[in-house]
Amino acid sequence: MRELTEIKAFSKPLITNLAKLGISSVHALLLHLPLRYIDETRITAIRDLRAGDAAQVEGEIIHAEVAYKPRKALIAKLEDMSGQLTLRFLNFYPSQIAALKVGAKLRVYGEVRSGFFGYEMVHPSTKAVGLKTEVAETLTPVYPTVAGLTQPSLRKAIGIALAQNCMQETLPARLYRDMRLPAFADSLRALHNPPPDSVLQALENKESPYWRRLAFDELLAQQLSMRKHYARRRSVSAPQFSRSRLLVSALLKSLPFALTQAQQKVALEIEQDLTQPHPMQRLLQGDVGSGKTIVACMAALQSIENNWQVAFMAPTEILAEQHYRKMLGWLTPLNIQITWLTGSQTKKEREAALAGIADGSAQFVVGTHALFQDAVRFRNLGLAIIDEQHRFGVHQRLALRQKGQPEPHQLMMSATPIPRTLSMSYYADLDVSVIDELPPGRSPIVTKLISDSRRDEILQRVREACLQGNQAYWVCPLIEESEALQLATANDTFALMQNEFPELKIGLVHGRMKPAEKQAVMAAFSAGELQLLVATTVIEVGVDVPNASLMVIEHAERMGLSQLHQLRGRVGRGAAKSTCILLYQNKLSETARARLKVIYESNDGFAIAQADLHIRGPGELLGVRQSGVPMLRIADLERDADLLEAAKSVADGLLEKHPQQVEAHLDRWMSSAGDLVKV
Ligand code: ADP
Ligand code: MG
């Protein structure tokens with residue numbers, strides 16, 4: 001039985017409410033697990049209460065009143081054989097006044113705290129008891145829920161689901177026994193209705209074997225589905241390229257620098273992939289400034305030399321434009337036809353671009369997400385390159401992939417390092433190449449954390465740097481809540497700077513400008529015509545102006561660590577010694593200070609990403625990748641790292657030896673993962 005509608009006892013309104021929780025199948029309902037538990041299995045004598053404990057007490061009301069000072073409250077005293085306890089309600093209904101009348105026998109559950117008159121409970125749950133009311137046999141689960149669905153109805157619904165015989169074991173018994181994990185059905189039963197002797201803390205920390213079993217199953221489902229994607233790729237055909245004999249070496253000869261060892265290594269890995277008859281899906285990861293663009297360009301040349309078109313997609317117009325210019329510089333001497341496509345072109349420009357893409361005369365197409373729109377038809381797309389891939393959703397990458405027939409190769413690039421646990425889980429369907437070395441001659445960026453109260457000194461520094469022929473960025477505070485406010489702040493900052501530095505040439509760039517305006521400003525900054533660039537975080541990714549050597553970031557405490565690291569990577573791209581100043585507002589909390597400490601103590605994107613992962617969880621690092629990739633709900637990559645290792649090591653064996661159980665396993669977990677898209 002799979003559908004909720006197949007359970008007769010479930011009413012329509014119940015099913016509607018469950019849907020609001022994202023629950024649409026019996027599997028999903030069974031996997032809707034408690035947030036915490038309350039222990040109503042025993043009754044504690046009032047004398048034995050301790051402040052901070054949650055406890056159940058039974059006794060008789062000996063006093064009740066509605067007090068009006070200091071504020072309106074219903075206050076009652078409950079007495080048992082051992083002592084008295086105050087019950088206090090700040091919001092209450094007439095029905096509660098009635099229930100708490102003197103002489104009522106009640107069982108109450110709540111958190112104990114010390115009040116003025118001994119122990120008290122604020123807003124305890126209460127129920128009337130008769131002589132023979134039994135205590136609960138199991139701990140009482142408390143579930144995440146929505147308005148309109150009470151805990152008792154949810155508990156009842158789950159109780160019914162537990163009785164439906166939908167908990168078949170999907171793992172070979174030996175496997176979970178060797179890992180000292182309980183059976184699936186036992187785990188579900190124990191978590192929904194834990195026996196009275198369960199250790200509450202282990203249950204709530206998700207450290208009990210029952211939680212671990214489910215965390216393992218979830219991680220395993222993720223591994224299995226990634227393996228299946230991976231295998232699917234091996235069964236699909238892609239254009240097979242021979243190695244480049246002319247273009248790549250011609251390009252390398254024309255460069256003013258030699259590739260680093262790390263660049264050579266990853267270039268080889270990619271070249272090798274492209275000689276295969278199956279689509280490459282490789283992530284090229286390298287810290288900001290490690291030189292990913294040239295590596296991507298080499299792959300592009302291999303495709304072009306084999307007479308297949310290349311698409312190069314960037315997340316912002318500024319970045320797409322910059323890549324376009326760079327490619328013009330590198331590839332025009334090789335007689336390669338480069339085309340540019342963005343949302344902001346005139347109709348005529350756009351039609352010309354589309355025509356070239358369709359007839360194949362455009363060999364290398366650079367653009368923004370305009371590239372995957374319907375109107376764009378490639379004659380023969382062989383390779384899709386996606387810069388700053390974490391800025392794109394799975395759907396967008398998929399759309400670009402579908403622009404080729406057979407399926408094109410895909411090279412994704414990212415400066416955000418992937419901590420090992422993430423690459424083993426969320427990225428397990430990709431191959432990964434890492435550039436782990438920066439080009440020589442870069443002096444490390446000096447990062448300073450300075451209070452906003454020393455702004456005058458900083459302004460002086462900016463002036464000096466610019467007057468000495470360097471260029472600087474001034475990054476406006478991030479205001480995520482409101483685009484209008486963000487715009488106002490950018491304009492204000494710009495006005496302030498113009499006022500402060502009448503002698504400097506200053507530009508402004510922000511997200512609300514027309515693309516052509518943005519490009520004009522960036523081009524002027526790039527050409528050295530502007531000395532100071534006031535900017536919002538639109539410059540976060542990719543922007544490459546080597547002469548810029550000073551960056552000031554306002555309200556740094558509002559930004560994520562990886563984001564700060566990316567921003568900071570806009571300086572230190574040339575030989576000049578670079579500085580990044582993080583300004584913070586005076587009242588910096590301890591945690592905020594600890595966070596910022598990571599960034600000023602480390603220039604290592606990897607360590608920073610790891611800290612970010614620790615502080616903010618994977619959502620932040622995964623970016624929009626998470627839309628379309630099922631997020632883990634039970635397992636935690638840090639806490640359950642051992643289970644992740646185990647899931648990874650058994651996945652292949654299961655696929656091979658127990659394909660049917662694998663299907664059942666995926667079915668259970670994927671059907672309960674909500675809106676899942678096949679990647
Ligand atoms: P990212 O990896 O952040 O995208 P880019 O590809 O923009 O970095 O490269 C940063 C800068 O370093 C560019 O100006 C690029 O031309 C230059 N560069 C790339 N590789 C090398 C190298 N091996 N030696 C010197 N400079 C290099
Ligand atoms: Mg880049």
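## Basis

In this predicted model, local features need pLDDT of at least 70, side-chain atom pairs count only at pLDDT 80 or more, and totals for chains, interfaces and linings use all residues. Residues are numbered from 1 along each chain as its sequence is written, and side-chain values use heavy atoms, with hydrogens and water left out.

## Nonpolar cores

The largest nonpolar core holds 84 residues. A nonpolar core is a set of buried Ala, Val, Leu, Ile, Met, Phe, Trp, Tyr and Cys residues joined through side-chain atoms within 4.5 Å. Buried means under 20% relative accessible area, exposed over 50%, partly exposed in between (1.4 Å probe, protein chains only). Leu29, Leu188, Phe216 and Leu220 touch the most other members. Helix α8 gives the most to this core, with 8 residues. Helices (H or I, at least four residues) and strands (E, at least two) are DSSP runs, numbered from the N terminus. Domain 1 (4-38 + 140-207) and domain 3 (208-441 + 625-630 + 641-679) both contribute residues, so this core lies between them. The domain bounds come from an automatic or database domain assignment.

Leu188 is in contact (heavy atoms within 4.5 Å) with Leu30, Leu31, Leu33, Leu162, Met167 and Leu214, leaving aside neighbours within four places in sequence. A second, separate core has 42 residues. Phe241, Ala299, Leu319 and Leu383 are among them.

## Ser244

Ser244 sits in the loop between α8 (209-234) and α9 (247-254). Its relative accessible area is 15%, so Ser244 is buried. Leaving aside neighbours within four places in sequence, Ser244 is in contact with Glu271, Gln302 and Glu305.

The side chains of Ser244 and Glu305 form a polar contact of 2.8 Å. Such a contact is a pair of N or O atoms within 3.5 Å; within protein, one must be able to donate a hydrogen and the other to accept it, and residues adjacent in sequence count only if both atoms are side-chain atoms. A polar atom of the Ser244 side chain also lies 3.2 Å from the backbone nitrogen of Val248.

## Backbone features

The Gln405 to Pro406 peptide bond is cis, with omega near 0°. Pro406 belongs to the loop between α14 (394-401) and β14 (409-414).

Asn165 is not a glycine, yet has a positive phi of about 65°. Asn165 lies in the loop between α4 (151-162) and α5 (173-178). Its relative accessibility is 67%, so Asn165 counts as exposed. His555, also not a glycine, has a positive phi near 50°. The loop between β20 (548-553) and α19 (561-568) holds His555. At 14% relative accessibility, His555 counts as buried.

Terms used: Chains lettered and ligands numbered in written order.
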